[in-house]
Structures are given as structure tokens and as C-alpha cells.
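Work through these exercises with the structure open beside you. Try each task before reading its solution.

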Amino acid sequence: MSLDLGEALQTFFAESRGLLQDMEESLLRLESESDDAESINAVFRAAHTIKGSSGMFGLDAIVAFTHKVENLLDQVRNGAVPLKEGMIGLLLACRDHIERLLDFAAAGEEMDADARTHGEALTAQLSQCLGKSATVPAEAVSPLESAGGRPMAGDTWHISLRFGQDVLKNGMDPLSFLRYLGTLGEICHLATLADALPAAAEMDPECCYLGFELCLKSDVDKARIEAVFEFVRDDCDLHILPPGSKQADYLRLIAALPEDNARLGELLVASGAMTARELEMILTAQESAGASQATQKPLGEILVERQIVQPELVNAALSKQKDARNRQAQEAKFIRVHADKLDHLINLVGELVISGAGVGLQAARNKDATLMESVSGMARLVEDIRDGAMRLRMVEIGETFNRFRRVVRDVSKEIGKDIELVIEGEGTELDKTVVDKIGDPLTHLMRNAMDHGIEPAELRASRGKPVKGTLKLNAYHESGGIVIEVSDDGGGLNRERILAKAREKGLIPDDGGNLSDAEVWKLIFEAGFSTAEQVSNLSGRGVGMDVVRRNIEALRGTVDIESHAGLGSIFRIRLPLTLAIIDGFLMGVGDGHYVVPLDMVQECLELDPARSEQRDYINLRGEVLPLLRVKEHFGLGGRAGRRENVVVVNSAGRKAGLVVDELKGEFQAVIKPLAAMFAKVRGVTGSTILGSGEVALVLEVPALLTEAARKLAA
Amino acid sequence: MAKTILIVDDSASIRQVVGLTLKGAGYDIVDAVDGKDALTKLDGRKINLVISDVNMPNMDGISFVKQMKTMPAYKFTPVIMLTTEGSEAMKRDGQAAGAKAWVVKPFQPAQMLDAVSKLILP
């Protein structure tokens, strides 16, 4: 069979990985509640489905292995084997092995020797759990014996068929079996026996009363012929005589069949000699004219009757089915869509936003009032489409969080600390791209917290804390962004140790003891910083926290730390909700255009040129507001504006005023990444295209805030 | 007119492969992700054959077949159950519910086509 299974195979891989994820979650749930039947079922179902699907693609290694896992799970599900704690560890290991096998299959490779030995070791452990007696044979055992040899050439099989009365009710059509039989060879003779047919008054049109005697010319073996009637075997009386059977065999057959012996005898004995060949020849000669048409007729009649019955009943059933359909419609439905399609849609919406802005600009230039009105109507719609399209990409962060249950479990076992993971805010939604990229930095922060944050049990006990450490993952929305918190109840960051390390690495001058706590904590994000006294194989591998910070900043996010000695620390990651399109605030500086995310803009003020102290800061209602002159910061020339404006921006609790020439108002910015050559430019994260076709730069507010604070301090 | 087959399985890849195979052989395909979903597909349209998995979330294959057999329009519709080897009990339950035919998982697409063609013709 030549089918293009490529696409289906991709579905299979995606689906299997999803199932493995479910399997892992359920296993971890079982660890705390070992008698949760639904979880056991879910684990079983995952293994079962993976096995079933992989068989279809001929991935035999996966079939063989998952089969063994499924066996054990089946026994656990039936209560035959109790679920012990070690078993969950084993099943998790098996889950990982299946994942590895999938990876091999996805790469189109054979599994390597290492994987093979590992698989064998797991198999051995599985059978140990299972005990020898409980194994289920891996191959389907054919319920039929495959007696009878190959037929002699030219001879025919004789098949006696008596269908049970219920075959039609079971949806089995004798005719399709006969037709199927016809694909195995040539049915050279067929006689229909209507002996069982009752009087018309007593006849139930839904029952089958017919029997068939037929001769099949074919070179298949007996098992193949029996397999044809596999599905009706319980409902049918089947006798198969191989070609060249003896007269005695036919006589036995006659005795075994329900019809009157004389009638059958007539059918068979009339052939004179009892060899199949002569039987066939004579029967064909005798009945060739009428029989074959007569054969079809009663069946045909039954079929017609079925056709008549059904339309009448359909109406009666219809109202009932409508109810069922309405109930179903209220439940949530999901469609699985390829991520590329969504990305394409978002790109198109981005282009639509830009060209919409272009139309708006034209309308404004031409001062065409009606056009401007239609354009603003359209702009509203475009905005809705944009929001709708962005929402399509929003996913809950819960799935990412749940992955860490496994990480926490494994790591805490490995380092010998008892750590519990608490997850909150798993329903918080954010952009799929962000979700995909936040996993690594989060893993690093989690491992770091487990390794360095949470103290060993004895130390915890001596500090009067519960011996079991708690690690918490939390997510919530805050002013147009999302905040993800990783907190632990460990010892907190050690200020002195960080300072000493930073001096040693030359990150701060020797007298830098007057740094604020927040500044000290930030030092751990500097490149090459690692305070761990002993380097474990988890964290502190050299790829330190600076990588975490870089990853987060690449998502236009920030990370800050709150730490209390002896109580623990909180790492707070702030991320924008989306990376693709933002509501921005457009400003003009010199000849250029700049955009800041609108949700970071707090207010706009006019800068009073008469007051000379307004060089580096202003007094904003009794608060010191550091100023950053965008023109100076980027070293821009260009004409000076008639007057200058201050845009007050705010991020992570810090504030500063950006001094710009012109305020141009709200603007939907489709963010395009900057080329690598701009990597060194601080304070810019991306670019966007204005309706006029000009390019505006998107400012990186956190970096500018730091810069403004630094200048003010200096 | 081509015969219509309803495929009920929670595994998208199975639905896809079986669907492809049967479409290639000239059948029309309707699919459903579980028993509950499948019942909504039995909306009066002509279904000539049902292929259903047993172990599915929301509603398993056996409950689904039992319900289907109570619907006059579908009580004669043949059902192929997708069973697992070694689950004779499950097969018996299926047969008691009215699903007389079965294909053992894991199967090759050709095996499915073979089983289908025993029951209906394209």
C-alpha cells in the first residue's frame, strides 16, 4: 500500500509527546495518591494509544516496549499488582525510554546500543514487577486452528454456510462476506438454501434464514478462508472441506448440517461420484441457468426490506438525536492548528495594521472627512482582529509549570533534599512563543533555588523551619505584562558572599560595600559569576545566571530578586504578553521616530525651559524624576524642537522621564527584530514600520530606566 | 454513492491513517474523538460502518455502541471494534454490545482495509 503517511506520522509524534506528558503528570499525581483510579487509567490509556498508533506506522521497537509497559499497567489497573512507590519511578523511566524511542523514530534512526541495553534493563524490571504468570502473549492467538493443507491445483473448496438469524441485526451482510470471499478466488458454484425460511406471516424481515453451499476455486489455505467469516463465526455454522476430500467427509458434512439429509443428499449425491470436481461439474450443469440468479434474489429482497425500514425510523430518531447534538454544542471544542498557520496569520495582521496606518495617514493629509471616518471605523476593526489573532496564540502557562513537577521530583531525589513544589496561577495566559522560550530560564532558576536556595534538612531543622522545603511557581498579570515568580523558603541570598565573590571577579571595586541590596542581588546575573562553594552537576556549571538574564531580556522581559536572609528569595520575571504587536506610544526626536510600549507610559508633561535645574531631574509632585534626554542618549543631531516634552515611563516599580521633541500619540506597533549589527545598541529592542513607510525604533524602557538612574547618581 | 465510515478514536494519528487508507479505497470518512463526539455525528446521516476504539476518555467505545444500537437508524450499522491482544474480555463485552467485528491493535492499514471490505464494499 503506498500511502503518504508523512503528515500522519507528524501527527503521531506530536500526539505521542502529548500523551507522554499526560502520562508523566498522572504518574506524579499517583505518587501522592496511589489509589487514584482515574490517573492509573490515564497512564494506561497513554501507553495503550501510543502502542496502537506506533504499530500502524510499523515502529516495532516502540510497540514491543510499550506493550510491556501496558501489561504492567493493565495488571495495576485490575488490582492484580499493587502500585508501589518504586514502580512509579520505573514507569517514569519507561516513559522517558519511550520518548527516546520516539526521538529515534522521528530522526529516522535505529536505536543505538545504549538505548537497547537500557530498554532491556527496563524490560527486565517490568517483568519482575509483573511476575511470570501474568504476562499476556504478545501475538494475537488465532482462535481457529489452521488445519488442512494447500489445495491441489484445479480442485475446489467446498464451503457450507448457515448464517444465524441475528447476522443482519448485527450489521453483518452475508452478501459482503460472499463478495469478499470472491476476492480470494473464484466462486464457481453457489446454491442458496431457503429451507429455514418460515411462512411469510411468521417471517421477521430483520432476520436471516438463508444458508449457502458454495464451491471456491482458490489457492489460499484454510485459515484464510476461515478468517473471511471471522466476524460472523459466533453467528454462523461454517464447514469447510478442502479440495479433494473423500466421500466420507461429504457424508459427515451432510450429517452435521441442519437441513433434511435427503435434500442435501440430492444436492450432493446427485453429482454421482463424490469428488469435488465431479460435484462441481454436475452442479454447475444442473443449476447454472437458474440458480445463480435465484441465489441473489432472496438476499436482494432482504436488502430492499432493510432499505424500506430505515427511512421511516430515521424520522422517529431524529428529534432524539437533535437533543444530543445541542447538548454537545455547549461543550468546549478545540481545533488543533499548525503553529505556522497562526504565525502566518499574525504576520498578515501585522501587515494589515501597517497598511491601515498608511491609509489613515493619506486620509488625514487629504483632509477628506468621510474617508477619515471610514478609516477610523476600519481601524477599530483591525484592532479587534489584531487582538483576536493575538489571543489565538495565548496559551495557559500551567502546562509549562506542570513540567517542573518532574524536574523538582528528580532533582530533589538526586541531591537528597525533600522539596515540595507548589504551583499557582497556572491559568494565566501568555503568548505561545514566550511560553516556549521561558522553559529554559525557569528550569535554571528552579534548579538554582533547589541547589543553593533550599538548605539541607539538618540546617532547616536547626533553624526551626519545616524539614520539607517548599518551592513555589506563580504567575499573574500586571500592567500589560505577565509576572512569573520562582520563590523558595530557603536561606535567602548571602550578601557578604556575593560581594566577596564580585570583588574577587573584579565586578565591583574593593570598596563597593555601600551598594543597595537590590544592586547586590543583581550581581549574580553578571557573566561568570557563581557563588556556589561546591559546583554540583545541576546548577553552577559555568553557564550561570547571566544566561538566564540574557534569555529573559531577549523576550523583552526583566528579572529582579527579592531576598530575605533565612526566609528565602523570590525571583520575579516580568514579560510582555506578546512579542509580535503592541500598543505603542509614538514620539518624535530630531528627525527620527521612537516607540515605547503604551502600558509603560504613565503621563506626559511639557518641559519648562525656564527652569534651569531641569537638566537631569524634575520635581514631579514632590518626587524626584530622573530625566533621560533621548537625543543625547543616542547621540542624535537634528533641529531642536520648539519645546521639549517629558514622557513619564514606568517599569517594575521604577520611573523616569524621557525627554523628546514631539508627542505623536498612540500607535499600533508591529515589532520587527533588529539585525545583529544593532546588538550593541543599548536601549533599543526592535523596529516598526510607520504608515508612511518610515522606520521607528522601539525603545527598551528597562535599560533606559537604569541609564537614567545611573546618570542621576553620577 | 460512496459508503460512509465513522471512525471513533481518541488518537489523531489513528484517525488520520485509517482515514487516509479508507479514503484511498473509495470510502467517505467521518471521524469523532470519543464516544460522546461520535453520538453527535449520528445525526441521521447515512453511516455504513463504524470503526471504534474501546478505551477512550469521556465515553468508551462499548457504551457508545450500546447507545448507537438503541437508535433505530443505526441499529443495523456494523461496528468494527479496535481491541488489544489479550483482552478477550473486552472483545466479549464488545460483542455483547453488538460490535461483532474487531481488529486487533496494533494493526497495519492494510489489515483495517481487509476487515472493512469483509463488511461493506466501497
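## Exercise 1: A lysine in a loop

A:K367 is exposed, because 8 other C-beta atoms lie within 10 Å. The model is predicted, so keep that in mind throughout.

Solution. 
- Step 1. Most residues other than glycine have a negative phi.

## Exercise 2: An arginine in a loop

Task: Is A:R621 buried or exposed? In which loop does A:R621 lie?

Solution. 
- Step 1. A:R621 has 5 C-beta neighbours inside 10 Å.
- Step 2. The cut-off for exposed is 12 or fewer, so A:R621 counts as exposed.
- Step 3. The loop runs between β15 (617-620) and β16 (623-629) of chain A.
- Step 4. Phi of A:R621 is about 45 degrees, a positive value although the residue is not a glycine.

## Exercise 3: α1 against α2

Task: Describe how α1(A) and α2(A) pack.

Solution. 
- Step 1. Find helix α1 (residues 6-32) of chain A and helix α2 (residues 37-56) of chain A.
- Step 2. They pack at an angle of about 155 degrees, and their axes are 8 Å apart.
- Step 3. Angles over 145 degrees count as roughly antiparallel, so α1(A) is roughly antiparallel to α2(A).
- Step 4. The crossing is left-handed.
- Step 5. Contact residues include A:F12, A:L19 and A:M23 of α1(A), and A:I40, A:V43 and A:I50 of α2(A).
- Step 6. By class, this contact has 12 nonpolar, five polar and three charged residues.

## Exercise 4: α3 against α4

Task: Which residues of α3(A) meet α4(A)?

Solution. 
- Step 1. Helix α3 (residues 60-77) and helix α4 (residues 85-107) of chain A pack at about 170 degrees, with axes 10 Å apart.
- Step 2. That angle makes α3(A) roughly antiparallel to α4(A).
- Step 3. From α3(A) come A:A61, A:I62, A:F65, A:T66 and A:V69.
- Step 4. Among their partners in α4(A) are A:C94, A:H97 and A:L101.
- Step 5. This contact holds nine nonpolar, two polar and no charged residues.

## Exercise 5: Confidence

Task: Where in chain A does pLDDT stay under 50?

Solution. 
- Step 1. Chain A averages a pLDDT of 75, and 78% of the residues score at least 70.
- Step 2. One stretch under 50 is residues 261-265.
- Step 3. Another is residues 327-331.
- Step 4. Where pLDDT is low, the predicted coordinates should not be read in detail.

Definitions and conventions
Residues numbered from 1 in each chain as written. Chains lettered and ligands numbered in written order. Predicted model: local features only at pLDDT ≥ 70, side-chain atom pairs only at ≥ 80, totals over all residues. Axes fitted to C-alpha atoms, helices over the stretch in contact; angles between N-to-C directions. Helix = DSSP H or I, 4+ residues; strand = E, 2+ residues; numbered from the N terminus. Parallel < 35°, antiparallel > 145°, perpendicular 65-115°, else oblique. Contact = placed C-beta atoms within 7 Å. Nonpolar A, V, L, I, M, F, W, Y, C, P; charged D, E, K, R; others polar. Left-handed = near helix turned anticlockwise from the far one by under 90°. pLDDT = per-residue confidence, 0-100. Buried ≥ 20, exposed ≤ 12 C-beta atoms within 10 Å, placed from the backbone.
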